[in-house]
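Work through the following exercises with the sequence and coordinates open. Each task is followed by a stepwise solution.

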Amino acid sequence: MKLPTLHEIGTEAKLLLIGIPVLIWTLVPIYHMFLFAISPKEDAFSGKLWPAHPTLNNFKIVFYQEHYFLRDFWIQFFNSVVIALSAGALTLMIATAAAFSISRLRVPGGRWVMNLALFTYFIPAAFLAVPMYRTMGNYGLLNNHWSLILAMVTIASPYAIWVLKQASDKLPVELDEAATMDGATTLQLFRLVYVPLMMPSLVAIGTYAILLAWNEYLYAFLLLSKDTEITLPVALGNFLAADDSPWELLMTTGFIYALPPAAIYYAFKRYMVGGLTAGAVKS
Amino acid sequence: MAITLSGDQAIPGPPLSARLTTPQVWGIVLLAPYILVFLAFVVYPVGYGLWLARHPASYAALWHDPIFARAAVNTLIFLLVGINLKMAIALFLSGFFAQQRTWIKWLSVLFILPWAVPSIPTILSVRFMLNPEWGVINQIIFKLTAEDGPNWLNDPTVALGMAIGVHIWKSLPFWTLILMTGRLAISHDLYEAAEVDGASWSQKFRYITWPSMQTLYVTCTLLSMIWTLGDFNSVYLLTGGGPADLTHVLATLGIRYLRLDQLSLAMASIVCALPFVLPLVYFMMKRLSR
């Protein structure tokens with residue numbers, strides 16, 4: 001084995017000098033959350049880097065809803081799941097249909113729709129939230145899961161259409177022509193040719209929409225209020241309102257809430273990084 | 001009379017149904033759901049919101065509300081200091097992560113975490129770390145110096161700085177990743193040629209990296225500005241706009257008015273941001289829809 005030269009050691013040291021602070025900066029808030037989740041109350045507040053008596057008791061309290069802050073934990077977890085999956089499915093349907101229509105069928109006015117979608121994509125989320133809240137009130141949807149689902153679909157669709165349109169423009173036209181020659185109707189073309197070929201992008205977009213809805217705090221906090229209707233992030237936010245917040249349970253719930261998106265992200269990393277970065281900034 | 005009639009009507013074209021081909025009809029049908037969502041949840045709310053913000057009295061009230069002035073200044077600080085700092089770090093780190101090392105690959109997998117996990121639990125975690133009595137940071141300060149650390153979220157300037165820190169923590173991975181994609185697209189030959197000519201690290205950056213990445217960098221900065229204007233979580237979850245409503249940004253201020261049931265003020269505060277937002281949006285749309 002070749003011994004590293006002094007110059008190589010120097011380069012490596014310089015890289016480590018960047019890498020170690022980056023690692024600490026990245027992990028500290030997450031590790032802190034994890035530390036609280038496995039610490040009994042007295043250890044959590046001691047400022048130690050590892051609890052003297054690590055325990056899974058906090059998870060047990062959360063799962064069995066043994067604290068009055070957590071009495072609706074499973075309902076709220078379920079609400080988050082239902083809303084995220086519905087928003088994901090609906091976004092996927094609406095955006096796939098729109099992208100197919102604009103890119104493959106070249107519907108008149110398609111360019112306009114793309115521009116409108118792009119415009120929506122650029123409206124800062126907190127700015128749209130104010131009028132959206134009133135609109136949902138006018139539609140009679142406040143405190144109804146549909147309000148949050150539809151709000152998430154509104155926010156996710158523009159980007160979804162944008163990415164799917166880019167991807168479907170890359171499919172060769174000859175495929176459509178061949179299928180039409182063989183007598184395929186437009187719907188068959190969509191179902192049997194387009195959707196299968198678009199699968200990787202559809203996975204990326206579906207994941208994106210599900211994560212967006214799962215992670216959403218502001219719209220959920222504005223649109224839903226009843227304890228049995230809110231999603232997990234709103235429940236976490238409500239912990240804050242109390243003076244005697246059980247922080248170790250808050251962090252445990254937060255940790256459980258953060259796990260699915262992290263897991264989904266790593267499972268679909270291959271699709272997501274390519275799909276999302278390509279769409280975000282076309283350079 | 002029959003002659004005048006036929007002259008008036010000229011030759012009737014084929015009916016509309018025949019002019020539209022079947023695929024085009026399907027195109028319209030398939031596009032309709034999105035158009036409906038757009039009309040119902042973008043056009044109507046935005047129009048309605050602008051209508052609510054039509055009274056000049058709201059703007060006068062905003063102008064006299066010191067919290068608004070403070071929020072506007074905070075927003076500017078957030079954008080100018082926070083975003084530029086974030087993008088500069090992202091540009092620097094994109095070079096670090098572009099290095100071919102196994103351990104750097106592993107680090108990049110972890111580095112993505114802040115972006116991949118939802119913001120509420122992590123921001124609350126930071127909030128607790130900054131707690132003056134029980135937070136881990138002040139406990140460490142106490143152990144090292146035997147003095148009490150600062151009350152991080154009690155001084156509005158420090159608290160705003162912390163909120164900017166949280167924002168950077170959360171969104172740095174995304175922009176680093178994007179800039180890294182841009183960096184990896186630069187031809188390796190250029191660097192090899194520069195190496196042969198004995199170019200230094202800073203020369204390579206100045207003459208190769210930066211010119212190739214400048215456009216991408218500017219686009220990313222502008223896009224990040226637009227999105228940061230809508231970043232409610234970093235400020236709200238860390239400081240709640242406090243102490244004494246001095247750390248609000250426009251995103252949290254609008255929601256604050258909304259919660260106080262002052263809807264026209266909420267909309268007016270957003271309308272005040274439009275002169276800054278619309279040019280950015282226009283520029284971005286032009287760049288992306290080429």
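**Exercise 1. The interface of chain A and chain B**

Task: State how many residues the contact takes from chain B and from chain A, and what area is buried between them.

Solution.
Step 1. In this predicted model, chain B gives 92 residues to the contact and chain A gives 90 residues.
Step 2. The size of an interface is often expressed as the accessible area lost when the parts come together. Between chain B and chain A about 8,300 Å² is buried.
Step 3. Carbon and sulfur atoms give 79% of that area.
Step 4. On the chain B side, the residues that lose the most area to chain A are Tyr34(B), Phe41(B) and Leu288(B), and together they make up 9% of what that side buries.

**Exercise 2. Salt bridges across the interface**

Task: Find how many salt bridges the rule gives across the interface of chain B and chain A, and name the side chains that meet in a salt bridge with an N to O distance of 2.8 Å.

Solution.
Step 1. The cut-off is a side-chain nitrogen of Lys or Arg within 4 Å of a carboxyl oxygen of Asp or Glu.
Step 2. Applied across the interface, the rule finds one salt bridge.
Step 3. The side chains of Glu12(A) and Arg101(B) form a salt bridge, at 2.8 Å from N to O.

**Exercise 3. A helix pair between the chains**

Task: Classify the packing of α6(A) and α14(B): are these helices roughly parallel or oblique to each other?

Solution.
Step 1. A packed pair of helices is described by the angle between the axes and the distance between the axes.
Step 2. Helix α6 (residues 125–138) of chain A packs on helix α14 (residues 250–259) of chain B at about 15 degrees, and their axes are 8 Å apart.
Step 3. Angles under 35 degrees count as roughly parallel, and α6(A) and α14(B) are therefore roughly parallel to each other.
Step 4. Their crossing is left-handed.
Step 5. From α6(A), the residues in the contact are Ala126(A), Phe127(A), Ala129(A), Val130(A) and Tyr133(A); from α14(B), they are Leu250(B), Ala251(B), Gly254(B), Ile255(B) and Leu258(B). By class, the contact has nine nonpolar residues, one polar and no charged.

**Exercise 4. Helix pairs within a chain**

Task: Describe the packing of α4(A) with α9(A), and that of α5(B) with α6(B).

Solution.
Step 1. Helix α4 (residues 73–104) and helix α9 (residues 186–215) of chain A pack at about 140 degrees with axes 8 Å apart. The pair α4(A) and α9(A) is therefore oblique.
Step 2. The crossing of α4(A) and α9(A) is right-handed, and the contact has 19 nonpolar, six polar and one charged residues.
Step 3. In chain B, the axes of helix α5 (residues 66–97) and helix α6 (residues 102–111) come within 10 Å and cross at roughly 140 degrees. These two helices are therefore oblique as well.
Step 4. Leu93(B), Phe96(B) and Phe97(B) of α5(B) meet residues of α6(B) including Trp103(B) and Phe111(B). The contact of α5(B) with α6(B) divides into seven nonpolar, one polar and no charged residues.

**Exercise 5. Backbone details in loops**

Task: Which peptide bond is cis, with omega near 0 degrees, and which residue has a positive phi although it is not a glycine?

Solution.
Step 1. The cis bond runs from Gly242(B) to Pro243(B). Pro243(B) is in the loop between α13 (233–239) and α14 of chain B.
Step 2. The residue with positive phi is Asn143(A), at about 65 degrees. Asn143(A) sits in the loop between α6 and α7 (145–169) of chain A.

Methods:
Residues numbered from 1 in each chain as written. Chains lettered and ligands numbered in written order. Predicted model: local features only at pLDDT ≥ 70, side-chain atom pairs only at ≥ 80, totals over all residues. Heavy atoms only, no water. Axes fitted to C-alpha atoms, helices over the stretch in contact; angles between N-to-C directions. Helix = DSSP H or I, 4+ residues; strand = E, 2+ residues; numbered from the N terminus. Parallel < 35°, antiparallel > 145°, perpendicular 65-115°, else oblique. Left-handed = near helix turned anticlockwise from the far one by under 90°. Nonpolar A, V, L, I, M, F, W, Y, C, P; charged D, E, K, R; others polar. Contact = heavy atoms within 4.5 Å. Buried area = accessible area lost by both parts, 1.4 Å probe.
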